[in-house]
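Subject: Structure for you to look at

Hello,

Here is the structure I promised to pass on. Please open it and keep it beside you while you read my notes below.

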Amino acid sequence: MRVRYEEHAIILNGATLNPARPTLETNERTMHIVIADQLPSSAVELLRTVPGGTIDARSGRSAEDLARDLAGADALVVRSATKVTAALMSAAPRLRAVARAGTGVDNVYVTAATELGVVVMNAP
């Protein structure tokens, strides 16, 4: 997964998110995104605009259920409720990004993510 930041846009694996034009455009393989915590419906709907992409947005899962659901995931989006552990990330061989919707990344085991090649980011 490639992440590139440009003025007024974020490029994630070929998908472009431009806040001025709230849609995602992609010309590469689409991705499976798991959203583990409650997000505003507008954020989930924006992610659903990725052509051919899949979004699994369910909060309140057990750690075991989340690990199972991450097996084919490319990205994980969390807020503060989900603790992103080494075991959780290891259960997701395709995982390339963990996005924390909020301030800080204190609920993400960043050292393990780095060792696994997973990019960790936050959006306060």
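This is a predicted model: local features need pLDDT of at least 70, side-chain atom pairs count only at pLDDT 80 or more; totals for chains, interfaces and linings use all residues.

**The nonpolar cores**

The largest nonpolar core holds 18 residues. Those with the most contacts inside it are Leu66, Leu70, Leu76, Val84, Met89, Leu95 and Val98.

Leave aside its neighbours within four places in sequence, and Leu66 is in contact with Val34, Ala36, Arg61, Leu76, Thr82 and Leu88.

**The strands**

Next, follow strands β7, β8 and β9. Strand β7 covers residues 75–78. It runs parallel to β8, and four bridges join the two. Strand β8 covers residues 97–100 and strand β9 covers residues 119–122. These two also run parallel, again with four bridges between them.

On one side, Ala99 in β8 is the bridge partner of Val77. Ala99 also stands opposite Met121 in β9. Then move along to Arg100, whose bridge partner in β9 is Asn122.

What do β8, helix α4 and β9 make together? They make a right-handed β-α-β unit, with α4 spanning residues 110–116.

Asp69 is found in helix α2, which spans residues 63–69. Is Asp69 buried or exposed? Its relative accessible area is 13%, and buried means under 20%, so Asp69 is buried. The side chain of Asp69 has a partner: a polar contact of 2.9 Å joins it to the side chain of Arg58. Not counting residues up to four places away in sequence, Asp69 touches His32, Val34, Asp56, Arg58 and Arg61.

Now look at Glu45. It sits in helix α1, residues 41–48. Its relative accessibility is 46%, which lies between the 20% and 50% cut-offs, so Glu45 counts as partly exposed. Glu45 and Ile55 are 10 residues apart along the chain. Their C-alpha atoms are separated by 9.4 Å.

Over to you.

Best wishes

Notes:
Residues are numbered from 1 along each chain as its sequence is written. Side-chain values use heavy atoms; hydrogens and water are left out. Two strands pair if DSSP finds at least two bridges between them. A crossover is right-handed if, with the strands pointing away from the viewer, the path from the first strand over the helix to the second runs clockwise. Buried means under 20% relative accessible area, exposed over 50%, partly exposed in between (1.4 Å probe, protein chains only). A polar contact is a pair of N or O atoms within 3.5 Å; within protein, one must be able to donate a hydrogen and the other to accept it, and residues adjacent in sequence count only if both atoms are side-chain atoms. Contact means heavy atoms within 4.5 Å. A nonpolar core is a set of buried Ala, Val, Leu, Ile, Met, Phe, Trp, Tyr and Cys residues joined through side-chain atoms within 4.5 Å.
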